[in-house]
Amino acid sequence: MGESVRADAEVSFPAKGRSAEDLEGALADLRKGDVDWRGGRTFSLVYNSGDDDLEEFLEGVARLFIHENALNPFAFPSLQTMEAEVVAMAADLLGAPPRAGSLSSGGTESIFLAVQTAREKAADRGIDRPQLVTADTVHPAFAKAANYLGVEHIRVPVRADLRADPEAMAASVTDRTALVVGSAPCYPYGLIDPIPELAAMAADRGILCHVDACLGGWLLPFLEQLGEPVAPWTFAVPGVTSMSADLHKYGYCFKGASLILYADRELLKRQFFLYDEWPGGLYGSPTTAGTRPAAPMAGAWSAVRYLGADGYLAKAETVRDTTRRFVEGIGSIDGLEITAPPDMSVFEFGAPGLDIGAIGDVMDDRGWNLDRQQGGLHVMVFPGHAAVVERFLHDLADAAAHHGTSRGKSAAYGGVS
Ligand SMILES: *Cc1c(COP(=O)(O)O)cnc(C)c1O
């Protein structure tokens, strides 16, 4: 995992400062090896709105708020207002109460907060070794949260249709289970888990149910408004108690913005941390971070207000149509097949009988960056991809027809170096 970084042994602490101009040149050099996301060549990591005006506007917003700190909301009421408004707007979209959520730095933090809150609720019931029950397609952030927070993670195999299996998950629930999770949709296949069954199963047992809508939170509502069939997944489903939804994916904000929402404000309060056992006075913190960057909050508020429902609908239409072109095009290439028809804009394709790793290598060589999964290659479609579908399909057909053997690059997302 992780490409090797040029860790130059001769790097030492700089004795003298350098000019901004000089460093700008150095930065440009450093970036030369980075992936070409603006050209629509990446399918994760950068969520490309394909909207230059929005990008430029948000860059201006970030510049305005780059120095502020949301740690103390009373010092910057603007930030408190923007956070409350983003929470309220999302709550309106997703069927939650208006004041029962927080902005966080990303999906992982939102998920940590949901797991932590569930752990606290379980502690109220006298459970000191709580469990988390998820499908095995759930995002690794849950495994990470469980690991950090001392919660046992029970992973349950998905059904033959690759969605969470409510019966098998029910059978895995014990009297120590704090939280049951479903995804809307899951990252590997873009499939929505059967949320009504999972939430009802959790509610029957008096436990919490989280919907991970990091990917779907800002896209599924608009696909539904476009008339697409979308299985129930919001707070309208009885038993759903919390939800994560990333603004820095289909919310089209720049990075560092996600939401955690709860079914009621009492749950949100269990997330807060208050401390006065030090000489510095009462320290209150709503989320994991101490110092909270303000730019992503202002960016989130501005992206939602700039686009509005009509803007998100237009982007959802582009994403839907572009996804269809990818899915149909890939499915008609000899030897390739879509693992499961996706509910959204995210999917895997494999090549039974061919060397999918080698096909990925050829695509790499042609400048495309497809993530490798265990069963194939992964595609996540953004508006910025509308312009590259034909070129992509042409290269992919070529790669499927002419490839050697795999260089052995393994399935990896992220990396440590
Ligand atoms: C991206 C993602 C996450 C994690 O979000 P980060 O912003 O990368 O921390 C969690 N769940 C799903 C389904 C995701 O796609």
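Let's start with two strands lying side by side: strand 2 (residues 131-135) and strand 4 (residues 177-183) pair in the parallel sense, with 3 bridges between them. If you want a spot to look at, find Val133, which stands opposite Val180 in strand 4. Keep in mind that you're looking at a predicted model.

Now zoom out. Those strands belong to an open sheet of 7 strands, with mixed pairing and the order 1-7-6-5-4-2-3. What stands at the edges of the sheet? You'll find strand 1 (101-104) and strand 3 (152-156) there, and each has a single partner strand, so one side of each is left without a neighbour in the sheet. The sheet is twisted, too: from one strand to the next, the twist averages 20 degrees.

Next, the helices. Helix 3 (residues 77-94) packs on the sheet, where it touches strand 1, strand 6 (242-246) and strand 7 (258-262). Its direction makes about 65 degrees with that of strand 7. Helix 7 (residues 195-204) lies across strand 4 and strand 5 (208-212), and it runs at about 170 degrees to strand 4.

Time to look at the ligand. There are 13 residues around it, and Gly107, Thr108, Asp212, His248 and Lys249 come nearest. Sorted by class, this shell has 5 nonpolar, 5 polar and 3 charged residues. Which helix gives the most to the shell? That's helix 4 (residues 107-124), with 3 residues.

A polar backbone atom of Gly107 sits 2.9 Å from an oxygen atom of the ligand. His248 uses its side chain instead: one of its polar atoms lies 2.8 Å from a ligand oxygen atom.

Most peptide bonds are trans, and most residues other than glycine have a negative phi. Now check the bond that joins Ala184 and Pro185: it is a cis peptide bond, with omega at about -10 degrees. Pro185 is found in the loop between strand 4 and helix 7. Then there's Leu45, which has a positive phi of about 70 degrees although it is not a glycine. Look for Leu45 in the loop between helix 1 (20-30) and helix 2 (52-65).

Methods: Residues numbered from 1 in each chain as written. Predicted model: local features only at pLDDT ≥ 70, side-chain atom pairs only at ≥ 80, totals over all residues. Heavy atoms only, no water. Pairing = 2+ DSSP bridges. Helix = DSSP H or I, 4+ residues; strand = E, 2+ residues; numbered from the N terminus. Axes fitted to C-alpha atoms, helices over the stretch in contact; angles between N-to-C directions. Contact = heavy atoms within 4.5 Å. Near = heavy atom within 4 Å. Polar contact = N/O pair within 3.5 Å; in protein donor to acceptor, adjacent residues only side chain to side chain. Nonpolar A, V, L, I, M, F, W, Y, C, P; charged D, E, K, R; others polar.
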